[in-house]
Amino acid sequence: MAENYPLWENKGRSLQKWIENYRAAGCPYPISTFTLTSRHQDYTVDQKSVHLNAKLLTALHMSNTDTTYRQISITQHDEGPPVWWIGRTGPGVIFIDDIFRSKRSDDPYISEFTKAAYEMHFPLDSLRNVFVPNVNEANTLSSRDGLRYPSSTEQTWEPSSSEFNALLGIGIGKVLAAFVLCAWGQGRKRIARIVTFHIGADVHKLYMRFDLEDM
C-alpha cells in the first residue's frame, strides 16, 4: 500500500460526503456559472467533428460507432499562467485527454472547463460517463500497489471500498468530484463507480471511467 494512501482515502471520503449529502457543510465547490462559446473573449475554443475508432469503442464497451463527437481544445488568450482543456464530448460521454491549470492561475478550475465544454453541445443531465485515457498523474499511478495496478483485467471500485475513496481523493479523481459538485451541486448526482483498465497489451497506460448516476 502506498505511503499516502490513508490521506487520499480520507480526502475522497470527504468529497463523496459532499457529493451525496446536500446537507453536508463545508463544501468548497459552488455550482459554476462559467460557460463557453466558440468566440469567447478570454479563451480560444477550437472544435471539430470526429468519429472515434471502432476498436476503441469496442474496448470501452460503447456501441454507438456512428455517433459524431466533438473534439474540443480550450486555451487562454493572454500570456498569464497557463491553463488548457483538451478532450472530446459526445451524447452522454466526456473524454478528458489533456488538462492543465497553473496553481498561479485565476482562471476557472478544470472542473468548470469540463462542465462548460460538455454544455456547448449537450444538456448536462444527459451525461453518464467520463473517460480519462492514459492517466499519467503521478499520485494516481503511485497508488498502484494498494490498487493492484497494473492488472490484466478491468477493475471496478464501488463507493463502499477504500480503493474508491483513495482514487477519488487523488489527482484526476478530485477533478471529477469537483466537476460533479460544480455542475449539479450537492445531493443531485453521484459517482456510482470508478473503473480502471488498460487496452490491449500495454498495461502501463491506465484508463479510468467514472460512472455518474442520479441520486
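**Close-up views of a predicted model**

**View 1. Gln16 in helix H1.** Gln16 is a residue of helix H1. The model shown here and in every view below is predicted. Gln16 has a relative accessible area of 7%. That value is under the 20% limit, so Gln16 counts as buried. Which residues does Gln16 touch, not counting those up to four places away in sequence? They are Pro159, Phe164, Asn165, Leu168 and Ile191. Helix H1 spans residues 5–20. H1 is also among the elements that give two or more residues to the lining of the largest pocket.

**View 2. The whole chain.** Six helices and eight strands make up the chain. Along the sequence, they follow the pattern α-β-α-β-β-β-α-β-α-β-α-α-β-β. The chain has 215 residues, and 50% of them count as buried. Among contacts with a separation of 6 or more, 66% join residues 24 or more positions apart.

View 3. The eight strands form an open sheet with mixed pairing. Their order is S1-S2-S3-S4-S5-S8-S7-S6. Strand S1 (43–50) and strand S6 (155–157) stand at the edges. Each has a single partner strand, so one side of each lacks a neighbour in the sheet. On average, neighbouring strands of this sheet are turned by 20° against each other, direction ignored.

View 4. Strand S2 covers residues 69–76, and strand S3 covers residues 83–90. The two pair in the antiparallel sense over six bridges. Thr75 has Trp84 of S3 as its bridge partner. Helix H3 (residues 110–119) packs on the sheet. H3 touches S1, S2, S3 and strand S4 (93–101). The direction of H3 makes about 35° with that of S3. Helix H6 (residues 171–184) also packs on the sheet. H6 touches S4, strand S5 (129–135), strand S7 (189–197) and strand S8 (206–214). The direction of H6 makes about 25° with that of S8.

**View 5. Ser73 in strand S2.** Ser73 lies in strand S2. Is Ser73 buried or partly exposed? Its relative accessibility is 22%, so Ser73 counts as partly exposed. The limit for a buried residue is under 20%. Leaving aside neighbours within four places in sequence, Ser73 is in contact with Thr44, Val45, Asp46, Trp85 and Ile86. Tyr43 is 30 residues from Ser73 along the chain. The C-alpha atoms of Ser73 and Tyr43 are separated by 9.8 Å.

View 6. How many of the ten residues of H3 are buried? Nine are, so H3 is largely enclosed by the rest of the structure. The buried residues are Ile110, Ser111, Glu112, Phe113, Thr114, Lys115, Ala116, Ala117 and Tyr118. Against which elements do the buried residues of H3 pack? They pack against S1, S2, S3, S4 and H6.

**View 7. The largest pocket.** The largest pocket holds about 1000 Å³ of space. Its lining comprises 34 residues. Ile99, Ile110, Gly171, Ile172 and Val175 lie nearest the centre of the pocket. Which elements give two or more residues to this lining? They are H1, S4, H3, S5 and H6. By class, the lining has 18 nonpolar, eight polar and eight charged residues.

View 8. S7 is mostly covered, with seven of its nine residues buried. S7 pairs with S6 in the antiparallel sense over three bridges. Here Gln155 stands opposite Thr196 of S7. S7 also pairs with S8 in the antiparallel sense, over eight bridges. Here Arg193 stands opposite Asp211 of S8.

**View 9. His61 in a loop.** His61 is found in the loop between helix H2 (54–59) and S2. Phi of His61 is near 60°. This is a positive value in a residue other than glycine. Most residues other than glycine have a negative phi. Is His61 buried or exposed? At 61% relative accessibility, His61 counts as exposed, the limit being over 50%.

Note on methods: Residues are numbered from 1 along each chain as its sequence is written. This is a predicted model: local features need pLDDT of at least 70, side-chain atom pairs count only at pLDDT 80 or more; totals for chains, interfaces and linings use all residues. Side-chain values use heavy atoms; hydrogens and water are left out. Two strands pair if DSSP finds at least two bridges between them. Helices (H or I, at least four residues) and strands (E, at least two) are DSSP runs, numbered from the N terminus. Axes are lines fitted to C-alpha atoms, for helices over the stretch in contact, and angles run from 0 to 180 degrees between N-to-C directions. Contact means heavy atoms within 4.5 Å. On a 1 Å grid over the protein atoms alone, a cavity is a set of points where a 1.4 Å probe fits but cannot get out, and a pocket is an open set with protein on both sides within 12 Å along at least five of seven lines; lining residues have an atom within 4 Å of a point. Grid points are joined across faces, edges and corners, and a volume is the space filled by probe spheres set on the points. Ala, Val, Leu, Ile, Met, Phe, Trp, Tyr, Cys and Pro count as nonpolar, Asp, Glu, Lys and Arg as charged, and the others, Gly among them, as polar. Buried means under 20% relative accessible area, exposed over 50%, partly exposed in between (1.4 Å probe, protein chains only).
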